[in-house]
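Please open the structure in your viewer and keep the selection tool at hand.

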Amino acid sequence: MPAIVVVGAQWGDEGKGRVVDGLAPQAHVVARYNGGDNAGHTVVAEGHTLRLHLVPSAVLHPQVVCLIGGGVVVNPERLVEELDELAGLGVDVGPDRIKLAANAHIILPTHRALDGAREASRGKQALGTTRRGIGPTYADKAARVGLRAGMMADPEGFAEQVRTLVETHNRLLQNHFGLEPLAAEEIAARYHEYARRLKDHLVDGSALVAETLEAGKTLLCEGAQGTLLDIDHGTYPFVTSSSTVAGGALTGLGFGPREVARVIGVAKAYTTRVGAGPFPTELLDEIGQRIREVGGEYGTTTGRPRRCGWLDLTILRYAAQVNGLTELALTKLDVLTGIDPLRVAVAYEREGERTDRFPAEFGIEALARWQPVYEELPGWTEDIGHARRWEDLPPQAQDYVAFVEEAVGVPITLVGVGPDREQSVWLT
Ligand code: IMP
């Protein structure tokens, strides 16, 4: 059986975790393909609430092997912490279950310090990063000076490389940003321990993926963040530093496009964004506030309030285009209950000119000159949290979903109607 890619269709936080969770029972390997501990996913297990940042959330499905792929950047401290927490709940986190691709890159404390320093130096132009060291780690990867997870197979050699790179970063921190250096020896010693702890989890990620697919088993690829945060195709420079789009699954995990059977885009029934950058359908009024409160729109990783706004169908069309979506999952429809009328952006307009496309190619300043064109749709007041079948949804909610499907041109196969796993209407 083939590969299934789950990708965020907006600016992240779309609820990819629940889609992965729903598909996990049919998967053999679930693999994260991009990003790092900037991502966050809340999992409730054995009555405990866990916030996972690196380990794929499907870890709670006992038959699944979890792979942290080569396209990911890994903070080993966080990974060890997550493994310990999961082990404490009785979850098997042994090397046979949790695999770390040898070509993933390693985040150092100095990467985090540089991330913070760069943000601070940007002042009002700050990107609003999660300050987890994501950008500087990918920058080192591209500059070919980064540390790969595979180096941890030799903890002594790895610690030495860590010390050298920390010293390089320290020079930058001191000379360019006027900051204090970090303690290289102490960091090297800690990373030596992480290496001893994690080295048995190392794997040739591409080989594991190939074996899985050759054996006819299902590979579920879990993207982090969303299409508009993609380093190439997002609202640059207000993006993250990885390939969040479906193509990132191929480069991040090391397999070819012929294997991909399904590409599932996940979108909220409205739009949110964390951090700075353009957001044309943002609501700065009480409706935005209401969506934030009802939807619990606060970041899993940083706790920051998310910016909220109307659904933008041009973004979803764009996501369908750059990811080759075969289907769409629409989450958090219940959050819109009680808002009437609802608005959705269907196009953009500028000085009499109109386009059905999200004007991404025109850059940030140009984007500000385009105004969204809205259509109004009737809202509903019924509680839809109990809906499990299409027929259970009130006609206005059905119309909203049908309108989105028609406008995007991709079938909607899942509608989320509440935070619990069961609160889903599967339309397959
Ligand atoms: P970075 O990934 O920490 O460098 O942050 C770059 C941008 O991506 C910022 O606007 C962040 O708020 C955003 N971002 C990073 N990870 C996530 C996520 O998991 N969900 C939503 N936004 C994210």
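Begin by selecting W11 and F279, both of which are buried, where buried means under 20% relative accessible area with a 1.4 Å probe and protein chains only. This is a predicted model, in which local features need pLDDT of at least 70 and side-chain atom pairs count only at pLDDT 80 or more, while totals for chains, interfaces and linings use all residues. Residues are numbered from 1 along each chain as its sequence is written, and side-chain values use heavy atoms, with hydrogens and water left out.

Next, select Y191 and Y194, whose ring centres lie 5.1 Å apart with the planes at 75 degrees, so the pair is edge-to-face; rings of Phe, Tyr and Trp (its six-membered ring) pair if their centres lie within 6.5 Å, and planes over 60 degrees apart count as edge-to-face. Both residues sit in helix α6 (residues 184–198), three residues apart, about one turn of the helix, a helix being a DSSP run (H or I) of at least four residues, numbered from the N terminus. Y191 and Y194 are both buried.

Finally, show the whole chain, whose C-alpha trace spans about 65 × 50 × 40 Å along its principal axes. Of its 428 residues, 57% count as buried. Among contacts (heavy atoms within 4.5 Å) between residues at least 6 apart in sequence, 76% join residues at least 24 apart.

Key: Buried means under 20% relative accessible area, exposed over 50%, partly exposed in between (1.4 Å probe, protein chains only). Rings of Phe, Tyr and Trp (its six-membered ring) pair if their centres lie within 6.5 Å; planes under 30 degrees apart count as stacked, over 60 as edge-to-face and the rest as tilted. Helices (H or I, at least four residues) and strands (E, at least two) are DSSP runs, numbered from the N terminus.
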